[in-house]
Amino acid sequence: MIYAIISDIHGNLAALQQVIRRIGEVGCDRIVCLGDIVGYGPFPNECCEIIQEKADICIIGNHDHAAIGKTGVDYFNQYARSALGWTIEELTSTNKQFLQGLDVQVIENELFFVHAAPIEPLQWNYVLSLYDARDNFHAFDQKACFIGHSHVAAIFSYEDGEFPTVESGNPTTLFDGFRYIINVGSVGQPRDRNPDSCFALYDADSTVLKLERVAYDIKETQAAMRQKKLPAFLIERLPLGR
Ligand code: ZN
């Protein structure tokens, strides 16, 4: 069983289309979306529609949650808040209903899928450091927990009684006796200084995990953002990958 796991699309249609195209080329059995389909970017409706059609599992992110009025906008910085206000106006009621129906977490085949830290997922905490990872390994029992939210891909491994470590290989094999927290990075707004979209492919039979990067037409997304008068800061960060 091969999973393609994507996250943090943020209304970036050009990026999502390239990622879906790549997934089609490599092939997979299940597509999992870890949320933040909307927020920041210029095409929230189109991205909701593609995800609804393509994803077998779809988790809610904090921007999706805010777009349906469940997480207060006070949680967000000024740029995110401004883009969210625009997104809330733009989203159709059908797509708001779609977001309303998304899961907070899903467990399947020893894999735990959630948007942010698995400890209290709706608190939207980050897993950035080894200390964050250590605390969060106690929040699930499955072999691997796939997350998004920080827009920075990372693989943390953990053996009972030991301190977690970061795995830097790509592809990486998930070994017996270890558990993993895997941040799959972001499709629509990568923040690891590589502007290309990021997602994960996981083969549950061979336990090989690969982080994939896909270039997309950033200028196309930026032009649409300008046209829709989204904040300049959000437009300028895309080619910097931060
Ligand atoms: Zn996000």
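## Chatting about a zinc site

User: What do the angles among the four donor atoms make the site of the zinc ion: tetrahedral, square planar or irregular?

Analyst: The angles among the four donor atoms run from 87 to 177 degrees.

User: Before we go on, what am I looking at?

Analyst: This is a predicted model, where local features need pLDDT of at least 70, side-chain atom pairs count only at pLDDT 80 or more, and totals for chains, interfaces and linings use all residues. Residues are numbered from 1 along each chain as its sequence is written, and side-chain values use heavy atoms, with hydrogens and water left out.

User: Which protein donors does the zinc ion have?

Analyst: Donors are N, O and S atoms within 2.8 Å of the metal (3.2 Å for Na, K and Ca), and water is not among the atoms, so sites may look incomplete. The protein donors lie 1.9 to 2.4 Å from the zinc ion. Along the chain they follow the spacing D-x1-H-x25-D-x114-H. They are D8 (OD), H10 (NE2), D36 (OD) and H151 (NE2).

User: How many residues apart are D8 and D36?

Analyst: D8 sits in the loop between β1 (2-6) and α1 (13-26), while D36 sits in the loop between β2 (30-33) and α2 (44-54). Helices (H or I, at least four residues) and strands (E, at least two) are DSSP runs, numbered from the N terminus. The pair links distant parts of the chain, and the two are 28 residues apart.

User: Is D8 buried or exposed?

Analyst: Buried means under 20% relative accessible area, exposed over 50%, and partly exposed in between (1.4 Å probe, protein chains only). D8 has 0% relative accessibility, so D8 counts as buried.

User: Is L128 buried or exposed?

Analyst: L128 lies in the loop between β5 (111-114) and α6 (130-136). Its relative accessible area is 56%, so L128 is exposed.

Definitions and conventions. Four donors count as tetrahedral if all angles lie between 85 and 135 degrees; four count as square planar and six as octahedral if opposite donors are over 155 degrees apart and all others between 65 and 115; anything else is irregular.
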